[in-house]
Amino acid sequence: MATISINNLARAIYESSHDKDEAELDAVMKNAVNIISKKHLLSKSKEIINQLEKIADKNNGVIRAKISSKIKLEQKAITEIEDFIKKRYKAQNTVLEFQINEKLLGGIKIEIGDEIIDTTLKNKIKKLQNYLITK
Amino acid sequence: MTKNYIVENLKKQIENFKDEAKAEKVGHVIEVFDGIAKISGLSDIKASEMVSFPNGETGVALNLEEDSVGVIILGDFSKIREGDEVKAIGQILSVPVSDLQIGRVLNALGEPIDGKGKIKTDKSNPIEKVAPGVITRQSVNQAVQTGIKAIDTLIPIGRGQRELIIGDRQTGKTAIAIDAILNQKGQDMICVYVSIGQKDSKLRKLQTRLEEGGAMDYTIIVSAGSSESSALSYIAPYTGVSIAEYFMDQGKDVLIIYDDLSKHAVAYREISLLLRRPPGREAFPGDVFYLHSRLLERACRRNKEYGGGSITALPIIETQSGDVSAYIPTNVISITDGQIFLETDLFYKGIRPAVNVGLSVSRVGSSAQIKAMKKVSGTLKLDLAQFRELEAFSQFGSDLDEGTKSQLERGKRAVEVLKQPQYAPVKTEDQVVVLYALTKGHMDDIAVDSIKSFEEGLTEYARRNAKTFYKEVIDTKMWSDEGEAELVKTITEFKQSIQK
């Protein structure tokens, strides 16, 4: 029998669990763990959970974003960023993770999945450098 | 130059600089090994799109999987680490093209490596392009003069044709290609020599040879050496043909040589296996036929409405101990419009170029041959075929009738005439004269040993004394009765003069 991909496994667990009440959920989870151990995939449980999170996020319209800046952002800026992300990705909810990075020199950098919006000073200087070299 | 001037200049340049905040797709390196990187993310990437690594190296996306991308790295991969950020450039791999590339040696990315400085150009061509379609094409009708008698007479190559040069190692495959390039001087032809997986010393020797022959004035060398990664070997022929297309688009005729495609297939096999594509026959991936067919289909002759111009391709394949039925040789034989088959046995017998006339064919070239050449080569082909048959047969018995004997003698002389040293191309008119003398029997009473010197003397003598004949062949591509009579007279005179 062909091996099950982690992605398929996560999707199966999600499909069988997302509209169940608590009592049923218990049973579903037990079965899921049983299958995972039977297929010798317990070592991959971290990846399965990651994948499961991704699937759940997608279906619930949740966008996870990592925002880096030089200084701590004000509340006003945060709500603005949140609105921007919601509008751009048509998301209902956002989960924002903030990071302080002195090396960015200024501006902010937003990372969503594999997309990056980089408006930091550091990036701008780098672009200017490239521009002057190629000119 | 004052400080102010520099500052002002810099200010002006900075003023033009515009920066827009853009969402960029990035990925991260999951693993990197043997010139291959596996990258997560990059969800919107196209096949064979370029990506850039943080240390400035570029890569090409070849495998697009569900949540990762397989990339071949063009250049040094030793500094790429796991977790590095990779950006998609949003552009299919392309190479710079320019008129200034003529006379230069380039690497597989189109950058000069001959130490003669940078080539300034703002034009570039994608390396993968769909070959010209049927309505833009025209059938082959003009010859490529290689200057090699055995080829120009028996296996003629037309402009826009794809003619395979196939043979074992050390049979003179590259020599034929080099002679063909050297003979293009003054023939209004641009030559591109693509060297794939060759030793750098061999390339250097070749470059020097071309320079000495004055051939670098119209030649471009594209090289992916054996010390470079197989990714570069894989893209080098496509780079070469992209450059060739640039010249064809200007309506020029281009001759491109791929030396050699067996190494190219091996490089592609290496990449494919590393990318975990399933292996097939001889461990080559399933699309190895397409690899070569899409490359060689780009050779073509375009009709006038679409700008004219042509690309003639001479791919080279190296066989292992004469085995033409291996995977890659059969593939390329079926793609090309004929092959020049070189044999080790002939080479050591002293028949050089070691062309096996019986197995070599040119499927479209005969329509490109001039009429005069067709006239003399038709009987030559027959003479040689009969000679080969009789040669094997005559070894058993010594008693032969007169007719057989004369055929054998004629055949021996024909083989002798087709011998030719390297770097000594012969002009078409001279070829016609020599072959005329041979096929009309004027050489039958010359000793086989002295055929070579007779040939040299005759062409020199005829050039001076059979001017009408020469003029007719050059201008009208055929001789008249008058010209023929003059030539016959000249040949008889010359024979008398050497017998004295």
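**A strand and its surroundings**

Tutor: B:I165 stands opposite B:I316 in β16(B). This is a predicted model, in which local features need pLDDT of at least 70 and side-chain atom pairs count only at pLDDT 80 or more, whereas totals for chains, interfaces and linings use all residues. Residues are numbered from 1 along each chain as its sequence is written, chains are lettered from A and ligands numbered from 1 in the order in which they are written, and side-chain values use heavy atoms, with hydrogens and water left out.

Two strands are said to pair if DSSP finds at least two bridges between them. On one side, β12(B) runs parallel to strand β16 (residues 310-318) of chain B, and three bridges join the two. B:G167 has B:E318 as its bridge partner in β16(B). The other partner is strand β17 (residues 338-342) of chain B, which is also parallel to β12(B) and pairs with it over four bridges. Here B:L164 is placed opposite B:Q339 of β17(B).

Which residues cover the two faces of β12(B)? B:L164 and B:I166 lie on one side, B:I165 and B:G167 lie on the other, and all of them are buried. Buried means under 20% relative accessible area, exposed means over 50%, and partly exposed lies in between (1.4 Å probe, protein chains only). In a regular strand the side chains alternate between the two faces of the sheet.

Eight strands of chain B form an open sheet of mixed pairing, in the order β8-β14-β13-β15-β16-β12-β17-β18. Its edge strands are β8 (105-107) and β18 of chain B, each of which pairs on one side only. Helix α5 (residues 230-248) of chain B lies across several of these strands, namely β8, β13 (189-196), β14 (219-224), β15 and β16, and runs at about 160° to β14(B). That angle is taken between N-to-C directions on a scale from 0 to 180 degrees, with axes as lines fitted to C-alpha atoms, for helices over the stretch in contact; contact means heavy atoms within 4.5 Å.

Most residues other than glycine have a negative phi, and most peptide bonds are trans. B:Q170 counts as exposed because its relative accessible area is 57%.

Two loops elsewhere in chain B carry cis peptide bonds. One is the bond from B:D259 to B:D260, with omega near -5°; B:D260 is in the loop between β15 (253-259) and α6 (261-274). The other runs from B:R352 to B:P353, again with omega near -5°, and B:P353 belongs to the loop between α9 (344-349) and β18 (361-362).

A helix pair of chain B may be examined in the same way. Helix α11 (residues 402-418) and helix α13 (residues 451-465) pack at an angle of about 60°, their axes being 9 Å apart. Where they meet, B:R413, B:E416 and B:V417 of α11(B) face B:I451, B:K452 and B:E455 of α13(B). By class, this contact has two nonpolar, no polar and four charged residues. In this scheme Ala, Val, Leu, Ile, Met, Phe, Trp, Tyr, Cys and Pro are nonpolar, Asp, Glu, Lys and Arg are charged, and the others, Gly among them, are polar.

Finally, chain B as a whole gives the setting. Its secondary structure comes to 15 helices and 18 strands, and its C-alpha atoms fill a box of roughly 90 × 60 × 45 Å along the principal axes. Of its 500 residues, 53% are buried, as are the four named above for β12(B). Among contacts in chain B between residues at least 6 apart in sequence, 73% join residues at least 24 apart.
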